[in-house]
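Please look over the fold of this protein, one packing site at a time.

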Amino acid sequence: MKLRIATCAKLPEPDADEQILGDALAAAGIAAQLVAWDDPSADWDAPIATVIRSTWNYVQDVDAFLRWITRAAAAAPIWNPPDVVRGNVRKRYLLELERRGVRIVPTQLFERGAALPDAPFDTRVVIKPEVGAGSFHARAFELGDPGAHAHLAMLTARGAALVQPYVASVDDYGERSIISIAGELTHAIRKAPRFAGGIEQTTGPFPIEPAERALAEAALAPDRDRLLYGRVDLARDAAGQPMVMELELVEPSLFLARSAYALERFVSALAARLRS
């Protein structure tokens, strides 16, 4: 069985899943090849299935990335499915989660060129672009910092942006990343706060707390049976209740080295899809 693992021509940071996944696929008899989605010489019209992994520079040209998704999917299956990817590359999906009754970190969406607030924000805030990965242009600002408005203006000159209150629990309890493989929540990882230019720091795995499990399952529910993989990043509010920070269905790190079961399930699910 042949498979393409989609990456990018120049990784912004190492992919911790790459080696362990490649070794496991080879052991399962799957001939997997890393191919950059933005390599103009790659033959994406060949009928070889693709799994999206470290395509982390797509934030630089999301329209080109979505054109590539359409092209690759026309030739062979791609995972996660194209409609899931299209709905997840822009973080306004958080507002759709909220409409479905899923608790999220309170989020304001500012469209490109939108009028900005006249007064400083009345709390510590995180400002990030609507299309982003790996903390790209995500920054935290203290209460009343005029730099917050400057950063928001810079982002909305280029596209839409999100403003969220800084969630204090990420400094101690941490941000929890709940990993889903083929419809099952497999493990949880603690991530330290990370902003533009920062290095990802993680620990775990940890047991998935019942309230976090319920929220992650609710966030994934509409596409659960179709997803090969997914990651729900959660934080706790002041009352200790979990909220969705991000729902990662395009190219999330899955921390496969932290869970032998998740790795085995990923490879088995992928093999089953390739056989079918």
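Predicted model: local features only at pLDDT ≥ 70, side-chain atom pairs only at ≥ 80, totals over all residues.

Residues are numbered from 1 along each chain as its sequence is written, and side-chain values use heavy atoms, with hydrogens and water left out.

**Helix pair**

Helices (H or I, at least four residues) and strands (E, at least two) are DSSP runs, numbered from the N terminus. Helix α1 (residues 18–27) packs on helix α7 (residues 260–275) at an angle of about 50°, and their axes lie 10 Å apart. That makes α1 oblique to α7. Oblique is what remains once angles under 35 degrees (roughly parallel), over 145 (roughly antiparallel) and 65 to 115 (roughly perpendicular) are set aside. Axes are lines fitted to C-alpha atoms, for helices over the stretch in contact, and angles run from 0 to 180 degrees between N-to-C directions.

From α1, Ile 20, Leu 21, Ala 24 and Leu 25 meet Leu 263, Phe 266, Val 267 and Leu 270 of α7. Contact here means heavy atoms within 4.5 Å. By class, the contact of α1 with α7 has eight nonpolar, no polar and no charged residues. Ala, Val, Leu, Ile, Met, Phe, Trp, Tyr, Cys and Pro count as nonpolar, Asp, Glu, Lys and Arg as charged, and the others, Gly among them, as polar.

**Buried strand**

Strand β9 (residues 175–181) has seven of its seven residues buried. Buried means under 20% relative accessible area, with a 1.4 Å probe and protein chains only. Glu 175, Ser 177, Ile 179 and Ile 181 cover one side; Arg 176, Ile 178 and Ser 180 are buried on the other.

Two strands pair if DSSP finds at least two bridges between them. The pairings are listed here.

| Strands | Sense | Bridges |
|---|---|---|
| β9 and β10 (residues 184–191) | antiparallel | seven bridges |
| β9 and β12 (residues 229–236) | antiparallel | six bridges |
| β3 (residues 50–52) and β4 | parallel | two bridges |

Two residues separate β9 from β10 in a hairpin, and Ala 182 in the turn has a positive phi of about 50°. In β12, Tyr 229 is the bridge partner of Ile 181.

**Open sheet**

Four strands form an open sheet in the order β2-β1-β3-β4, with parallel pairing. β2 (31–36) and β4 (78–79) stand at the edges with a single partner strand each, so one side of each is left without a neighbour in the sheet. Thr 50 stands opposite Ile 78 in β4.

Note on methods: Buried < 20%, exposed > 50% of the residue type's maximum accessible area, 1.4 Å probe, protein only.
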